[in-house]
Each structure stands twice: as C-alpha cells, then as structure tokens.
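Me: I would like to go through the labels attached to this structure and ask what each one rests on. Please set the values against the cut-offs.

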Amino acid sequence: MVNWSEVLEPIAAWFRSLGVPEPIVHWGHPLMMAIVIFILGSYVGWAGWRGKLLEEKDKDGAIKNRIAHRQLAPLLFLFLAGGYTGGVLSLVMQHKPLFESPHFWTGSLVLFVLLINGGISLSGFGGDKKVLRVVHAYLGSVAIAILFVHAVLGFNLGISL
C-alpha cells in the first residue's frame, strides 16, 4: 500500500522551507474552506433551489438563479478539490496522519457526491428527465449538509492537533 505521507513529504518539506508561520499552516486551510463552504457553497445550493422552485412563479428569476448555479457550481467543486489537496498537504506538513480523521473521510465523500452530481448535470439530466433533476437537487443538498458536518469535524480536528 502507498504511504501517502511519504509520497507528499518532499512537497511538504518545500512548503515548510518557506517559513510559513505555524498558525497559517494550522488554520489557513480551515479559514479558507469555511469561506468556500459557508458563502459559496450556501449560495450555490440556494441558487439551485431557487431556480427549481421559481420555475412556475417567476420564469426570469428562475433563469437567473439557474445561470448563477450553473456558473458557480463548477467553481465550488474546483475550490473544494483544491482545498482538499491543501488540507491533506497541511496534515503532512504538521506530521499528522492522513486517513484517521472523520474529517478526511467526509471531505472525500463530498467530492465523490459532487462528482456524481456534476455528471448528472453534464449528461443533460439524461435527456432532461425530471427524476434526474430531482436526484440532482437532493444529492446537492446532501453534499452541502455533509460539508457543514465536515466543517464541524474539521474545527474539532484543528483544536485537537
């Protein structure tokens, strides 16, 4: 089995050599990801649901929200994937284990769920099937809920290190 800490150690050593202050190494990832999760993640979820729920009442509002959701959801995924990488690297820099924390596993799970959800969207919802639009909406909501749990687990991890 691959020892990921050993594989990533040369990169971590290079970052350590930059003299980044310990509080930034320790709390930089949580601070940046809190912004991504609570601001961008909440807005992406909100815009997606507004686009769905306003369909009958306000077509223009629904379209604006769907456009915002469609533009920002891929950025959310990219920021989360980048943050995931940064979080793993932060643990290696601090000589902490990678796979022991529920925070690691919820981060992995949310990226997997969002990857599936992005695939549903990119498929054109399987030819605009209503059931796939519903699955997409609820799967995205589950991902946001997991992210909120992930944030709590991350805070707990941060104060325990």
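Predicted model: local features only at pLDDT ≥ 70, side-chain atom pairs only at ≥ 80, totals over all residues.

Me: How many salt bridges does the structure hold?

Reply: The count of salt bridges is 3.

Me: What makes Arg16 and Glu9 a salt bridge?

Reply: Their closest N and O atoms are 2.8 Å apart. The cut-off is 4 Å between a side-chain nitrogen of Lys or Arg and a carboxyl oxygen of Asp or Glu, so the pair qualifies.

Me: Why are Arg16 and Glu9 called partly exposed?

Reply: Arg16 has a relative accessibility of 30%, and Glu9 has a relative accessible area of 24%. Buried means under 20% and exposed means over 50%, so a residue in between is partly exposed.

Me: How do you know that Glu55 forms a salt bridge with Arg66?

Reply: The closest N and O atoms of Glu55 and Arg66 are 2.5 Å apart, and the limit is 4 Å.

Me: Which parts does the pair of Glu55 and Arg66 tie together?

Reply: Glu55 lies in the loop between α2 (22–53) and α3 (59–93), whereas Arg66 is in helix α3, so the pair links parts that are 11 residues apart in sequence. At 31%, Glu55 is partly exposed; Arg66, at 27%, is partly exposed as well.

Me: Why is Asn117 called buried?

Reply: Asn117, found in helix α4, has a relative accessibility of 5%.

Me: Which residues is Asn117 in contact with, leaving aside its neighbours within four places in sequence?

Reply: They are Val135, His136, Leu139 and Gly140. Of the residues of α6, His136 and Gly140 are among the buried ones.

Me: How does the reach of helix α6 compare with what is expected?

Reply: Helix α6 (residues 130–160) has 31 residues and spans 45 Å from its first C-alpha to its last, close to the 45 Å expected at 1.5 Å a residue.

Me: What covers the buried residues of α6?

Reply: The cover includes α2, α3, α4 (102–122) and α5 (124–128). Among the residues covered are Ala143, Ile144, Leu147, Ala151 and Leu157.

Note on methods
Residues numbered from 1 in each chain as written. Heavy atoms only, no water. Buried < 20%, exposed > 50% of the residue type's maximum accessible area, 1.4 Å probe, protein only. Helix = DSSP H or I, 4+ residues; strand = E, 2+ residues; numbered from the N terminus. Expected span 1.5 Å × (residues − 1). Contact = heavy atoms within 4.5 Å.
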